[in-house]
Amino acid sequence: MIKFSSNEIRDLFISFFIISLGFSIVFSRQDFSVIPQLLPMVMVGVGLGFILHELAHKFVAIHYNYWAEYKTWGPGLVIALASSFFGFIFAAPGAVHISGSYMSDRENGIISVSGPLTNIALSLIFLAIAFTLIGNFPSLPMYAPSVEIAVLFQTSILGFSINAFLALFNLIPFSIFDGAKVFRWNPLIWIVVTGVAGLMVFASFTGLLF
């Protein structure tokens, strides 16, 4: 049975806000006056990307009959916010803590890869929304027929970029990152998933698609 403690809900929302603010600072490119406009759009991408990433870990762990609860990591919150002022973000505000009986490398790997796969899926959904908007409004991205269309298009671009980055970042094959557990379980799956995430990040940061 899936349960959420009050502490877990609190930690999820704290992490969600700090990561959203951090990405807003990065995308503002030191023009902090645009953060109030960026923050709501970034929250959509981060809200879905971060929350669903962590919930994927939790739900898959519970599927394997483990106890799982998200908890913030104080230093990670500080590092995430501080790093954003230097043009990048170290997004490690917390993690899903899992406990129970002996966990095999396969179970650990599947639980771990579920998060990045969720981000990849969300990134593709945001990309599909952006392409659909371009198909309906060929003047995009240079000119939007309305403020609403402009906001929706920009939100979809940010959602694509943020989720691609979250997937690749979490697939780093070292230490506490998801990638280390996925690589230990199945290096081939790690290579494929990391390759897909890497191509998406490359397309995002080079403006290859838009």
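From the N terminus on, the order of elements in the protein chain is α-α-β-α-β-α-α-α-α, which comprises seven helices and two strands. Helices (H or I, at least four residues) and strands (E, at least two) are DSSP runs, numbered from the N terminus. The model is predicted: local features need pLDDT of at least 70 and side-chain atom pairs pLDDT 80 or more, while totals for chains, interfaces and linings use all residues. Residues are numbered from 1 along each chain as its sequence is written, and side-chain values use heavy atoms, without hydrogens and water.

**Overall dimensions**
- The C-alpha trace spans about 55 × 35 × 35 Å along its principal axes.
- Of the 210 residues, 47% count as buried (under 20% relative accessible area, 1.4 Å probe, protein chains only).

**Contacts along the chain**
- Among contacts (heavy atoms within 4.5 Å) with a separation of 6 or more, 73% join residues 24 or more positions apart.

**Packing of helix 4 and helix 6**
- Helix 4 (residues 105-136) packs against helix 6 (residues 178-185) at an angle of about 135°, with the axes 8 Å apart; axes are lines fitted to C-alpha atoms over the stretch in contact, and angles run from 0 to 180 degrees between N-to-C directions.
- Helix 4 contributes Asp 105, Arg 106, Asn 108, Gly 109, Ile 110, Ser 112, Val 113 and Pro 116 to the contact, and helix 6 contributes Asp 178, Lys 181, Val 182, Arg 184 and Trp 185.

Note on methods: Buried means under 20% relative accessible area, exposed over 50%, partly exposed in between (1.4 Å probe, protein chains only).
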